[in-house]
Number of protein chains: 2
Amino acid sequence: MTPTPIFVASIGTGGVGKAFLAQLAQLHTRLSRQTPAFDIRLILLRRSSSQVLTKDYSNLGFDIQLQSGASQVTEWPEVVKFLSSAPGKVVLVDNTASAEVGEWYPEFLKKGINVVTPNKKAFSSSQELWDKIQAASPGKVLHESTVGAGLPVLTTLNDLIDTGDKVKTIEGVFSGTMSFLFNSYMPLGGSAEGGFGGEVFRAQKLGYTEPDPREDLNGLDVARKLTILARICGLKVASSQAFPVESLIPAELEQVSSEDFVKRLPEFDSVMEKRKKAAESEGKVLRYIGKINVSKSQLEVGVKAVEKSHPMAALKGSDNIICFTTERYGELPLVIQGAGAGNDVTAMGVLADLLRIARMG
Amino acid sequence: MTPTPIFVASIGTGGVGKAFLAQLAQLHTRLSRQTPAFDIRLILLRRSSSQVLTKDYSNLGFDIQLQSGASQVTEWPEVVKFLSSAPGKVVLVDNTASAEVGEWYPEFLKKGINVVTPNKKAFSSSQELWDKIQAASPGKVLHESTVGAGLPVLTTLNDLIDTGDKVKTIEGVFSGTMSFLFNSYMPLGGSAEGGFGGEVFRAQKLGYTEPDPREDLNGLDVARKLTILARICGLKVASSQAFPVESLIPAELEQVSSEDFVKRLPEFDSVMEKRKKAAESEGKVLRYIGKINVSKSQLEVGVKAVEKSHPMAALKGSDNIICFTTERYGELPLVIQGAGAGNDVTAMGVLADLLRIARMG
């Protein structure tokens, strides 16, 4: 049997993009040792300022550097045309965090170009774009890594729904940064000393936050992930700002420099300290949680006191945890837990999606 | 677009078989409300003593009872012939626990008949049968529900392997009965009163054990699941009896009646009590654990003392938990947790596999 050619266009050459190409190269090597089902060919590599492509749809090779022989980017309609003319199945892999690329998904899908991506933007902006993407065919779109990176979150949710289970609630810790901060600030069983501001400083030093920690503390990343999960459950969510999201940035520090922000944050420690004491007195711990109540169409994101016996309380490091309570998984939730960020695990989710598309009819 | 016909043959009409047909019926109803991608047709329903089939490959309907119009079972070669002559994609769904059906998988697969099943027998008996099944094509075989029922265990393990991660260890609690027994006998944080024998009695009364609890306490069910996981990781495992499995049945009670077994088990409480005290003195709890060390090719099943901070210690009810430690999920494992037994969640895993096959090219 001749292996089926799979034409891959990879957009974005940041951390995830590089990890993805490295995994693709390894896959290619593994496949070449057996009778391969697929012949994966990289036919376009692109970032915001430059690109390289093979007009004859041969393989660029997976160790290609964008510097050598790269030309200026072509307009998106030309990319659509180039990809849709490939002699076989095409997968656009969007490893950017660009909203602009996301807006083109419906066009790609309509032309039969499949899309796999860890880019949350297209799925968490307007409901209108979401609906357009869902309605566009015959191309297929998979985006496991938009929530919990490589953890099997969307695959599991889709299996629950496809097999007729009724999802009642989804709740969890969806941010590695928030997980790290609260697991350190209020560990299960242990006694924490430092204030919340100090934890943010420490997390920043250890590389667990964005360069400006406010990008994590505003809760918007969690809100985007929750929006995606809720829409998969069939809820209409106008945008990721259409429901209550608790920001942990004191109003006074919203406009200061990022250096000043981290320096001055401990001035506000008493606010979180009060909540910590209240939780302690109830035998609970604080966690930064996203929760969807599907039957009530409610989403909310913020700091909550949770029972010490709940899996969310026992979280460690910067792990994510996602708990599905459904009709079938009723008494105790179906729980998925593990690293929810990082280039390798994100790229893994993207590659697993690519393989799923490759195997589809 | 005309929906693709998917011809389904369902073997076994016990609890899982019934739940599967009910879910299939609901799926059919849901699909009929939209433009369906698939036209699912039940063309054979069979149990050990009787069967009903449609010679013209039309749909039997999903509410069919085997009593009405059922005829005697035909020989397996005839079933192979009937199914392989269907005008489209065929899926044999084996909802039995029969070793005999499992031995026929290679023949079905060779004729292009796909197999989905929660039946552990074929995958956990000889390595030879496993190898035959893996080598057989063009039919595809999926068996998510053989480990952890509907929990995404095999899907996740396959994704890890397919994307090039290196699995180092897999450990967990793979038996709902064992989970219930030890979570009650030695709950995290709480103090347990009763002896181990009393817990077995209680679990039996609540329906958490087989009618004869020795079928759970011998550990063989866990050994079968571990064998399957190890083989997916590429290990050769001669059989599910080829590695150390701790039985919790006192030698003196192996031959007595099941009534006498439960009655006399408390006589042996001191044995487990000693281990409990030892674990307590180390600040640990006892759990019945299966563990695969992939790099060392080691499998073992038995009672282990685990750190209170480990997710396996915090288990509740009769939940299963499976922890993957890999190159990418290094520091903290990827954890999947939830109900690992029950007709509905088992059937859900089977139906999800069926849909995966339906979507494959």
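## Salt bridges and polar contacts between the chains

In this predicted model, four salt bridges are counted between chain A and chain B. One salt bridge links B:D162 to A:R359, and the closest N and O atoms of this pair lie 3.0 Å apart.

Several elements of chain A each supply at least two residues of the side that touches chain B, namely α1 (15-32), α7 (153-162), β12 (334-339) and α14 (343-359). The most is given by α14(A), with eight residues. When the residues on this side of chain A are sorted by class, 18 are nonpolar, 12 are polar and nine are charged.

## Extent of the interface

On each side of the interface, 39 residues take part: 39 of chain A are in contact with 39 of chain B. The two chains bury about 3,200 Å² between them, and carbon and sulfur atoms account for 57% of that area. Three residues, A:R328, A:Y329 and A:M348, supply 17% of the area that chain A buries against chain B, which is more than any other three residues supply.

## A strand pair across the interface

Strand β12(A) pairs with strand β12 of chain B, residues 334-339, in the antiparallel sense over three bridges. Within this pairing, A:I336 has B:I336 in β12(B) as its bridge partner.

The interface residues show a matching pattern. Of the interface residues of chain A, 100% are also interface residues in chain B, so the copies meet through the same surface.

## Strand pairing within chain A

Strands also pair inside chain A. Strand β2 (residues 38-46) and strand β3 (residues 50-53) run antiparallel and are joined by three bridges. The bridge partner of A:L44 is A:L53 in β3(A). Together, β2(A) and β3(A) form a hairpin with three residues between them.

Strand β3(A) has a further antiparallel pairing, with strand β4 (residues 71-72) of chain A, over two bridges. Here A:Q51 stands opposite A:S71, a residue of β4(A).

Key
Residues numbered from 1 in each chain as written. Chains lettered and ligands numbered in written order. Predicted model: local features only at pLDDT ≥ 70, side-chain atom pairs only at ≥ 80, totals over all residues. Heavy atoms only, no water. Contact = heavy atoms within 4.5 Å. Buried area = accessible area lost by both parts, 1.4 Å probe. Salt bridge = Lys/Arg side-chain N within 4 Å of Asp/Glu carboxyl O. Helix = DSSP H or I, 4+ residues; strand = E, 2+ residues; numbered from the N terminus. Nonpolar A, V, L, I, M, F, W, Y, C, P; charged D, E, K, R; others polar. Pairing = 2+ DSSP bridges.
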